Amino acid sequence: MESVLIAAGSANSRSALSELSKLCGLTRQSLAGNGSDARRLFSENTYDLVLINTPLPDEFGSELAVMVCENFSSAILLVKAEMADEVSEKVESSGVFVMEKPLNRQLFFRSIRMAGVQQVRMNGLQKENRKLKNKIEEIRTVDRAKCLLIQFESMTESDAHRYIEKAAMDQRVPRLQVAQEILQQYEKG
């Protein structure tokens with residue numbers, strides 16, 4: 001992990017969190033003084049981690065943390081000790097780390113490492129998800145092409161399947177490309 005968005009209401013808090021984050025190797029930093037600025041920065045850039053020192057001037061910050069985690073980034077929410085359990089119950093199911101204030105330096109560093117591990121895992125899951133979506137789209141496209149061959153060429157389903165497979169092997173191209181060519185040919189007219 002190397003990029004962090006720090007959202008904190010006071011300049012002192014932003015500065016302190018920035019210094020601690022640099023010690024953890026988070027060298028690419030953006031700072032926000034409120035929730036709306038943090039949302040804007042988050043929508044414009046990619047961050048490995050978002051640190052939120054609650055409360056923010058325009059919102060508490062838990063909704064921001066949940067939104068960050070829903071978008072496959074890691075979030076650490078810094079909360080007063082007496083509120084930590086209550087806030088944890090609301091946000092931990094979304095993947096938000098909750099830390100009590102005042103900060104324990106070693107615990108902070110450990111939490112950053114844990115967030116990094118979570119981020120690596122999320123990146124892997126996101127990659128696998130994209131791969132599966134592409135495979136599903138390929139299957140749908142090939143099935144649509146088979147339906148057109150059945151409709152216009154009076155082939156059986158297995159004949160249409162063999163036709164697409166053979167054309168892909170003969171042309172040395174993916175089945176998806178053959179299917180797309182079939183769709184273009186028959187959906188024009």
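A crossing of two helices is left-handed if the near helix is turned anticlockwise from the far one by less than a right angle, and right-handed if clockwise. The exercises concern a predicted model, in which local features need pLDDT of at least 70 and side-chain atom pairs count only at pLDDT 80 or more, while totals for chains, interfaces and linings use all residues. Residues are numbered from 1 along each chain as its sequence is written, and side-chain values use heavy atoms, leaving out hydrogens and water.

**Exercise 1.** Describe how H6 packs against H7.

*Solution.* Step one: H6 covers residues 157-171 and H7 residues 175-188 (helices are DSSP runs of H or I, at least four residues, numbered from the N terminus). Step two: their axes lie 8 Å apart at an angle of about 115 degrees (lines fitted to C-alpha atoms over the stretch in contact, with angles from 0 to 180 degrees between N-to-C directions). Step three: H6 passes H7 in a right-handed crossing. Step four: the contact (heavy atoms within 4.5 Å) involves residues including His-161 and Tyr-163 of H6 and Arg-175 and Val-178 of H7.

**Exercise 2.** Determine whether Ser-21 is buried or exposed, and list what Ser-21 touches.

*Solution.* Ser-21 belongs to helix H1, residues 11-23. Its relative accessibility is 0%, so Ser-21 counts as buried (under 20% relative accessible area; exposed is over 50%, partly exposed in between, with a 1.4 Å probe and protein chains only). Leaving aside residues up to four places away in sequence, Ser-21 touches Val-4, Ile-6, Leu-26, Gln-29, Leu-51 and Phe-108.

**Exercise 3.** Classify the exposure of Met-114.

*Solution.* Met-114 sits in helix H5, residues 105-153. With a relative accessible area of 43%, Met-114 is partly exposed.

Note on methods. Helices (H or I, at least four residues) and strands (E, at least two) are DSSP runs, numbered from the N terminus.
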